[in-house]
Amino acid sequence: MTKPVRDLSLRTPIDGRHRQMLIGGEWRDSVSGRTFETRNPATGAVIGTVPLSDTKDIDLAVAAARRAFEGPWSRFKPYERQLLLLKIADVMERHWEELALSDTTDMGMPITRTLANKNRVLGMLRFYAGMATSIHGHTIGNSLPGEIVSYTRKEPVGVVGAIIPWNAPTAASIWKIGPALATGCTIVLKPSEEAPLTPLLIADLMQEAGVPPGVVNVVTGTGAEAGAPLAAHMDVDKVVFTGSTATGQAILRASAANMKRVSLELGGKSPVIVLADADIERAVPVAAMSVFANSGQICIAGSRLFVERPIYEEFVERVATFAAKLRIGDGADPETEIGPLISQTQLERVSGFIADGAREGAWLVTGGTRITEGALAAGNFMTPGVFSGVTDDMRIAREEIFGPIISALPFDTLDEAARRGNDTPYGLGAGVFTRDVGKAHQLANRLRAGSVWVNTYHAIDPAVPFGGYKMSGYGREGGAEHLDEFLNTKGVWIRID
C-alpha cells in the first residue's frame, strides 16, 4: 500500500487546464463563456478552470435530464440499471487512485484518507445496484364492497437536482448519483465551486461506463448563479442537498413554487460524551479525530467534547497532547495527517471563532493558530486546537465552526450530559464512550441525533441510514430509506367483478 501512495505524490493529473461540464452527454462550456479558477488549498496554486454556469446552463441541463427520463432511460429494466451501477463501480475502481488524488489536490484531504474511502464509495454503488432489483410495491387488501384489487407501485420521482459541498466530492457525488440511477431517475449535479474537478472526473467515468446521455449531468458554478436556479427550477422534481442550514432553508423556500420533493443533510454541532469509566486509551484518539479528521471540515464533527468531571483534566490534556503531535502538511504527502482548510475565506472564518472563544473567556490548551511561515505558508493551514473553560452559551459551543477546533466541557451526571448534549438546534450525530452497556443504551436513546456512535465514531455503511434531526435536516442517505427518497408511491385500484 505504501509504494503506490508515495508514487501518487509525484503524479500531476490536475495540471491547470480547462475542463468543460457535461450536459446531455456532451462536454461544453457555459453559454456565457465565463469561467472560474479552482485552487489547491495546500499551495494556493491554480489547478484548473471550469465553466461558470448560470440559469441558461441549468435550463439546458434540466431539459437534457427530462429528455433522458422520458426517453430510453425510462425503459431500462431493474437488472439493466443494476448492471450499469456495477459497471460504474468497476470503472471507478480502476481509476480510484486518480479520483483520490483529485480530491486531495482540489480540497486538501490527506491522500491516505481519500484512498481509504474506496471501500465506502464502491460499496455504495454496489449496494444501490443490489437495491435496484428490490424496488416493489404491495398488494393491499381493502374493505370496499365488490371485487376490487388494490396495490401500490414504486415509481421514480423524475429529474433530480443535486447540490453537494466541497468537503468530500467523490463520496458526496455518489451518494446522490447512486440512488438516482438505481430508482430510474435522472440527475443534474451541481458541485461546490470550491472543489468542482472530481465531480467532472466522475462524469467522465460515467460516460466510460456507458451511462446514457442526459441521465447524469454535471454543471459547475456558484451557489447563487447555478445552485439557486437549479433548486427553484420548475421542471426539477426533487432536490437533494448537503451543506449549510441557511442554504437548506433557502432551498426549501425555492421548492415551494412547484412543491418539489426535498432531502436535506445540513449542519451539526455534535456532542461527544466521555464517561469516567471509558477506556481512555481508545477514547482519546477517536474523540480527537472525530473533529480533526478532514481538518474539522465535516458535518458530523464531534466538536463539543463533554467529559465527566473526575477525568476531565486528564482527558483534555491527553487530547491536547494528541493534537499537538498530528502531522500537518500537503495532503499529497502520505505522511500528512492534517491537511489545509479549503480556502482563505474558511481559514479567516475559523480564526474568527477562535478569537471569539478567547474573548468570551475560554482558553486554548493547544493549537488554533494559522501557519504563516515555512513551506506551508502559502496554504490554508491551521494547527488543531483544543479549548478548555468553555461554557454552553459561548459561540464556539453553539455554532458550527467547520474547522479543527474542539470545545471541551465538564459534566457531572448522566442526565446533565443528555440534556446539555441535546441543547443545540442541530441533531446530526453524537458519540458516547463508556464501558457500561446500560449507560450506553440510555444515552443512545436520549440523544436527539440521527446517528449515535458508542466507543467509535464516523462509522458509515451503505446499508445503514444516515441523516439528521431538527436543524440538521431531514431525509436519509443509506439503507432502504435512501431509495424511498427518490420514489413516488402510486395506489392502483382495479374492479374485477
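This is a predicted model: local features need pLDDT of at least 70, side-chain atom pairs count only at pLDDT 80 or more; totals for chains, interfaces and linings use all residues.

Me: Which residue in E22 is the bridge partner of Ser 150?
Reply: Strand E6 covers residues 148–156 and pairs with E22 in the antiparallel sense over 9 bridges. For Ser 150, the bridge partner in E22 is Trp 493.

Me: Are H11 and H12 parallel, antiparallel, perpendicular or oblique to each other?
Reply: Helix H11 runs over residues 280–292 and helix H12 over 312–325, and their axes lie 9 Å apart at an angle of about 60°. Roughly parallel would need an angle under 35 degrees, and roughly perpendicular takes 65 to 115. H11 and H12 are therefore oblique.

Me: How many charged residues does the contact of H11 with H12 have?
Reply: H11 brings residues including Ile 280, Glu 281 and Phe 292, while H12 brings Glu 314 and Arg 318, among others. By class, the contact has 12 nonpolar residues and no polar ones, and the charged count is 3.

Me: How far apart in space are Ile 371 and Ile 328, C-alpha to C-alpha?
Reply: Ile 371 is in the loop between strands E14 (363–366) and E15 (385–388). Leaving out residues up to four places away in sequence, Ile 371 touches Ile 328, along with Leu 376, Ala 377, Phe 381 and Thr 383. Ile 371 and Ile 328 are 43 residues apart in sequence, and their C-alpha to C-alpha distance is 9.8 Å.

Note on methods: Residues are numbered from 1 along each chain as its sequence is written. Side-chain values use heavy atoms; hydrogens and water are left out. Axes are lines fitted to C-alpha atoms, for helices over the stretch in contact, and angles run from 0 to 180 degrees between N-to-C directions. Helices (H or I, at least four residues) and strands (E, at least two) are DSSP runs, numbered from the N terminus. Angles under 35 degrees count as roughly parallel, over 145 as roughly antiparallel, 65 to 115 as roughly perpendicular and the rest as oblique. Contact means heavy atoms within 4.5 Å. Ala, Val, Leu, Ile, Met, Phe, Trp, Tyr, Cys and Pro count as nonpolar, Asp, Glu, Lys and Arg as charged, and the others, Gly among them, as polar. Two strands pair if DSSP finds at least two bridges between them.
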